[in-house]
Amino acid sequence: MARGGAAEFNADAEKEGMIPLRKATANLLECSFSDVCVSSSATELLSSLAWAIAPKNGNIVSTKASFPSTVYPWQRVADEFDSEIRLAPYDDNYYTKPKDILNLIDNNTKVVTLSHVEYACGQRYDLTVFSKAAHDVGALFIVDATQSMGMVPINAKEAGADAIVASGYKWLRGTYGAAVGYISQTLQSLYPGIIGFRSHKDIWNMKAERLEFPDDASRFEFTTIHFGAALGLAAAIDEITEIGIQEVWKHDIELTNLLIEGVLEKGLEVASPTSDEERSAIVSIKMPTGFDTGEVVKQLQDEYGILVTNRSGFLRVSPHIDNTEEEITFFLESLIEILNI
């Protein structure tokens with residue numbers, strides 16, 4: 001592909017182009033290869049799932065703190081099929097009480113859809129709690145794991161979700177243009193909401209008068225994607241698996257412990273949950289009065305070479321396996337210098 005692009009990426013290579021990433025993801029999620037599909041983005045998969053499920057005359061439960069793409073596809077189908085979107089509120093730290101989500105679930109709930117880890121504050125949900133709550137009323141449980149997959153260990157079947165999707169450019173350490181999905185057998189007979197030439201079980205048997213889907217999760221793969229991004233993501237996930245996702249999680253939490261300790265020692269406030277049950281490797285820090293978070297983020301990057309982000313007014317720091325304790329110390333020293341504390 002690097003040498004000749006599509007000219008040297010032949011028909012067999014294109015047909016099998018998703019397989020390395022499907023295999024890598026299945027290993028990471030401890031599920032069957034047949035339960036995994038590949039796409040260009042988590043949003044694409046969520047949109048296809050939303051139209052495939054098409055919940056009618058019921059309600060769909062999520063949170064106001066969710067990344068918009070976790071909710072928007074469901075809003076679209078809710079508008080089409082007279083369903084209600086119910087969003088649990090958050091507090092000043094963008095924290096959502098789990099019971100506020102659970103209280104929205106009733107016998108008319110069709111879908112519960114959550115970000116496994118909330119992007120603004122790093123709050124992590126216990127997936128088993130919400131899968132049980134959803135299934136107890138006959139609803140489906142759909143998870144956006146873009147902010148957790150590759151950082152938090154996830155056993156897809158033990159989590160109990162009906163589908164789990166994740167874009168590859170966050171904790172999986174890929175790039176834009178590749179995403180993965182776990183589709184449980186419960187949903188593998190659905191008619192995908194987005195279809196294309198690849199939707200047919202034999203992609204090169206190109207007859208427009210018929211459409212026969214594969215009998216596994218790959219029915220949600222529908223068109224040509226950025227194969228370079230997909231193959232690169234497969235290699236990145238393989239590296240995480242070789243290290244061991246439990247080791248990755250341990251490393252990331254050790255770095256966040258050091259980060260949180262240093263931040264609190266300087267009298268700064270951490271907005272993220274710090275309990276073992278709800279924490280993640282996303283640490284959101286409140287800036288003191290008089291400091292613009294966006295300006296602090298820019299200064300850290302331009303003057304110190306440190307990449308952090310401004311999310312909902314918080315300074316979001318996300319250490320991962322490529323980071324070291326020395327880099328956390330350097331970040332703390334740099335932030336202290338900027339804030340003059």
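The model is predicted, so local features need pLDDT of at least 70 and side-chain atom pairs count only at pLDDT 80 or more, while totals for chains, interfaces and linings use all residues. Residues are numbered from 1 along each chain as its sequence is written, and side-chain values use heavy atoms, without hydrogens or water.

Let's start with the sheet. It is open, with four strands in the order β8-β9-β11-β10 and antiparallel pairing; strands (E, at least two residues) and helices (H or I, at least four) are DSSP runs numbered from the N terminus, and two strands pair if DSSP finds at least two bridges between them. β8 and β10 sit at the edges with a single partner strand each, so one side of each has no neighbour in the sheet. Two bridges tie β8 to β9, and Val 270 stands opposite Ile 285 in β9. Helix α9 packs on the sheet, touching β8, β9 and β11, where contact means heavy atoms within 4.5 Å. The direction of α9 makes about 10° with that of β9; angles run from 0 to 180 degrees between N-to-C directions, and axes are lines fitted to C-alpha atoms, for helices over the stretch in contact.

| β8 | 269–270 |
| β9 | 283–286 |
| β10 | 309–311 |
| β11 | 314–317 |

Now the helix pair. The axes of α2 (residues 19–29) and α8 (residues 227–243) come within 8 Å and cross at roughly 25°. The two are therefore roughly parallel, a label for angles under 35 degrees. Among the contact residues are Leu 21 and Leu 28 of α2 and Ile 237 and Asp 238 of α8.

How values were computed: Angles under 35 degrees count as roughly parallel, over 145 as roughly antiparallel, 65 to 115 as roughly perpendicular and the rest as oblique.
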